[in-house]
Amino acid sequence: MKRRWQLLGWLAMGACVFADFHPTKAAAKAPDHGQIRSYPEQSVFGYSEYFLRKRLTNSPKPEYPKAALESGTHGQVTMFVWFDNEGKLVEATTLISPDESLSEAVTSALKDWRIKPSAPNFPDSNYWSEVRFVFSIKDGKGEVSDVSTQEQRKVSDEFTREVSRRKNGASK
């Protein structure tokens, strides 16, 4: 009997994702002055980057910082992002970055990102996800690319730890 209820739960969650609904109704308030609050279990939901990118309505790519290009700085930047129920960016925090200038370039671009607003049935939903960019230099030119679709479907350990930390109310 327990197994049947577990299966029904997974099916319901899958239906919500494929129907583009959000599984919660409770609202999460934005942290004040960088402090982390304890959130109700269902107030926010962590999505894979792949799902987030499917919901994007505006997503300019970061520009390669000139100083980083000249110094040969390259690598992958992973950011924690939080969008409100209207599809606007609330927060972007660096999880992994080879250089501060690359993080700043990504943060600057993310300020203009927008996602599709929450479904009307779930007006108070918030979205936590991660986003990754690869900064590379080829023939002296800087390139900024998304991680592969296969990588977008995976959730990084850093993102999992960040969500856990926030849900447990830990401070930065």
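**View A. Asp139 in its loop.** In this predicted model, Asp139 is found in the loop that runs between strand 6 and strand 7 (141-146). Take a look at its backbone: phi is positive here, at about 55°, although Asp139 is not a glycine. With a relative accessible area of 81%, Asp139 is over the 50% mark and so counts as exposed.

**View B. Tyr64 meets Phe135.** The structure holds 5 aromatic pairs, and here's one of them: Tyr64 and Phe135 sit edge-to-face, 5.2 Å centre to centre, with 80° between the planes. Tyr64 comes from the loop between strand 2 (56-58) and helix 3 (66-71), while Phe135 belongs to strand 6 (residues 126-138), so the pair ties together parts that are 71 residues apart in sequence. Are these two residues buried or exposed? Both Tyr64 and Phe135 are buried.

Next comes another pair.

**View C. Trp82 and Trp128, edge-to-face.** These two rings form an aromatic pair with 5.8 Å from centre to centre and 80° between the planes. Trp82 is part of strand 3 (residues 75-83) and Trp128 is part of strand 6, so to speak two distant parts of the chain, 46 residues apart, linked by the pair. Trp82 has a relative accessibility of 0%, which is why it counts as buried. Trp128 is buried too, because its relative accessible area is 0%.

**View E. Arg153 over Tyr50.** Which ring does the charged end of Arg153 sit over? That would be the ring of Tyr50, with the charged end 3.8 Å from the ring centre.

**View F. Ser108 in helix 4.** Last stop: Ser108, which has its place in helix 4 (residues 100-110). Its relative accessibility is 45%, so Ser108 counts as partly exposed. Glu63 is 45 residues away from Ser108 along the chain, and the C-alpha atoms of the two are separated by 9.0 Å.

How values were computed: Residues numbered from 1 in each chain as written. Predicted model: local features only at pLDDT ≥ 70, side-chain atom pairs only at ≥ 80, totals over all residues. Heavy atoms only, no water. Helix = DSSP H or I, 4+ residues; strand = E, 2+ residues; numbered from the N terminus. Buried < 20%, exposed > 50% of the residue type's maximum accessible area, 1.4 Å probe, protein only. Phe/Tyr/Trp six-rings, centres within 6.5 Å; stacked < 30°, edge-to-face > 60°. Lys NZ or Arg CZ within 6 Å of the ring centre and 35° of its normal.
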